[in-house]
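My entries follow the display.

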Amino acid sequence: MPLKTTNMKFINKTAIALLLLVTFGFSSEAQEIIPEDAPVKKDSIEPFKRKKIDGIIATVGEYIILDSDIDMEYIELASQGISTENVSRCELLGKLMEDRLYAHQALQDSTIVVKDSEINNMMEERIAYMLSQIGSMEKMLKFYNKKSEEDFRSFFFDVLKQNKLSTEMRNKVVEEVEITPEEVRTFFKKIPKEDLPTFGAEMEVSQIVFEPKISQEEKQKVIDKLNEIRNDVLNNGASFKTKAVIFTQDRASASTGGFYKMNRKTQFVKEFKEVAFSLNEGEISKPFETEFGYHIILVEKIRGQEVDLRHILLTPKVSDEALKEAKEKAQLVRQRIMDGELSFADAARSMSDEKETRANGGILLNPKTMDSKFELTKMDPTLYGQVSNLKDNEVSVPILDEDQKGMKKYKLLMVTNRIDSHIADYSTDYIKIKDLALKEKQFEAIGKWSNEKIMETYIKINGEYRNCQFMNNWMKK
């Protein structure tokens, strides 16, 4: 997900790992229970003023909320560059209670099933990332004040499961909400002319991608290295885990020795899953290829439909000569387009190496909205820098790019449409208006659902927080 600008002077690696937990609903262990009528000191309502003794401030169903949870919410907002000056603790408590209400109701709903295996897979991925930031499990345990790795994993499992339950319940509430063209029209007509939204300047961008060809010699080097590692483990008793730590190019699993838990529904590429589920316990696969490179897999444990495995990923290197050839090809195609010999769209369809955009003439889709328009103020800074100075019908020079897999390639970019900032127009901006209308209808559905569920759920608010003015009827007045 794109990083948001922050006005914090720095966020160290430990703080990054902390924010990861905050994102998934961090909650601490209570050290003192605050009696319902005990007042909360006025200065303790302000974030970060002084160290407080933590305690339960609210209960929703079987879930509790601690005073420290609100402090964590302030940290998360600050990390995203969002001003907390006018955000009260009461507002944040209301948000946390909503999250717990969703999770509690999900447990009551027999149609919502969150499997422990799924949470375990999520947990392994998150912990691997946090370890890559903090450096060791010992530091992680010290930071989160946990006595053992088992204690930390149990705590983190609960955090992730609560978050998943909340998300699934929220999705279920809104998934059946649909909106008709007539409702969109009605929504737009009821907006006073002076209150019509203004949509920022946008542009549509197309690209042609030229991937350097990896030589068979480079591929064979990787295959030979994986076979060497495999033979060392099988014949000499070497540790597959240690080999993975040293050699694997999978950053997500390097710190855990290439470890993953998976089942047949886990989001892995098809080729990887096919090999993983074809192996017996203790068996090591021969090298095989996926879009990420070449792998070998060791299956450690099979539990019914679940597999514990380790893998090593190696990616063939792209030679300087191959990169040079890709750039030269891009330059020739650019010249043909500029000379009017062929259009940008036709060149993309016939020559681009990117299958996702090739069929539609190279048109890029905005990952946030899944349409072709990019609002300039919300555009990825790198992409904006590459196209902001292009004139109409101008094709960029070949741009060296590196994707998330670490693969280098060259691309040509062209701005195919520019849309100035303007007041919302029904025909021009129908998709945006429809999205606004749908969000309003979903918000109404959530409000109705929340009001009904609050009345049938055990809810308790302690101390001074009972004086909060909530948007929802948490006090059941």
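Predicted model: local features only at pLDDT ≥ 70, side-chain atom pairs only at ≥ 80, totals over all residues.

Residues are numbered from 1 along each chain as its sequence is written, and side-chain values use heavy atoms, with hydrogens and water left out.

I looked up the strands (DSSP runs of E, at least two residues, numbered from the N terminus) and their pairing (at least two DSSP bridges between two strands). I found 4 strands in an open antiparallel sheet, ordered β5-β8-β7-β6. β5 (259-262) and β6 (288-290) are the edges, each with a single partner strand, so one side of each lacks a neighbour in the sheet. On average, neighbouring strands here are turned by 45° against each other, direction ignored (axes are lines fitted to C-alpha atoms, for helices over the stretch in contact, with angles from 0 to 180 degrees between N-to-C directions).

I then checked the helices (DSSP runs of H or I, at least four residues) for contact (heavy atoms within 4.5 Å). Helix α8 (residues 216-236) packs on this sheet, touching β7 and β8 (306-314), and its direction makes about 30° with that of β7. Helix α9 (residues 240-247) lies across β7 and β8, at about 45° to β8.

Next I noted an open antiparallel sheet of 3 strands, in the order β2-β1-β13. Strand β1 (residues 56-60) is joined to β2 by 4 bridges, and T59 has I64 in β2 as its bridge partner.
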